[in-house]
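My entries follow in the order I made them.

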Amino acid sequence: MGNKMYALNCQVYFVQVVGGGPIKIGCAGHAESRVTALQNYCPYKIELLGHIPGNEAHERWLHSLLSSERLRGEWFHSTLITRSVVKAVLDSCFEWPDPLPKKFNVRRLFMRGQSLPGGSIGNDMVELPAQ
């Protein structure tokens, strides 16, 4: 893999409103502490789906990748596409693409059953495991 453009100085995390609600993609120094803080401001129960080492560029890339699924800000609809991308990123085999692709049509990729750079995303991925 090439030289990293940015250090892996935070955790890219995925939080979901319990019961299949929206999914938040964020970046924080400590994901568990961030989720605790978020819960204080969120009127709904939320759960941490997982996190991986990353940085703000990785977080922005995921936001861009899922722009068609965006609800508001860092929150995304819990669509099949969003859940599949989250599952692919949390897969233990996932590595951030280096460099990060600038343009990416995740809907087209998903419909064709192709791979997400760094990990798979095929249309066979339907649900995140219940926590």
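I started with strand 1 and strand 2, which pair in the antiparallel sense over 6 bridges. Strands here are DSSP runs (E, at least two residues), helices are DSSP runs too (H or I, at least four residues), and both are numbered from the N terminus. Two strands count as paired if DSSP finds at least two bridges between them. I noted that Q11 has A28 in strand 2 as its bridge partner. The hairpin of these strands has 5 residues between them, and G19 there takes a positive phi near 95°.

Before going on I wrote down the ground rules: this is a predicted model, in which local features need pLDDT of at least 70 and side-chain atom pairs count only at pLDDT 80 or more, while totals for chains, interfaces and linings use all residues. Residues are numbered from 1 along each chain as its sequence is written, and side-chain values use heavy atoms, with hydrogens and water left out.

Next I looked for disulfides (cysteine sulfur atoms within 2.5 Å) and found 1. C10 and C27 form it, with their sulfur atoms 1.8 Å apart. The pair links C10 in strand 1 (residues 10-17) to C27 in strand 2 (residues 23-28), 17 residues apart. The torsion about the S-S bond of C10 and C27 is about -45°, so I logged the disulfide as left-handed.

For burial I used relative accessible area: under 20% is buried, over 50% exposed, partly exposed in between (1.4 Å probe, protein chains only). C10 is buried at 7%, and C27 is buried at 19%. I also checked C42, which is buried at 17%.

How many residues of strand 2 are buried? I counted 6 of the 6, so the strand is largely enclosed by the rest of the structure. I23, I25 and C27 lie on one side, and K24, G26 and A28 on the other.

Strand 2 also pairs with strand 5, in the antiparallel sense over 2 bridges. There K24 stands opposite W75.

I then searched for salt bridges (a Lys or Arg side-chain nitrogen within 4 Å of an Asp or Glu carboxyl oxygen) and got 1. E74 and K24 make it, at 2.3 Å, N to O. E74 lies in the loop between strand 4 (70-72) and strand 5 (75-76) and K24 in strand 2, so the pair ties together parts that are 50 residues apart in sequence. K24 is buried at 4%, whereas E74 is partly exposed at 28%.
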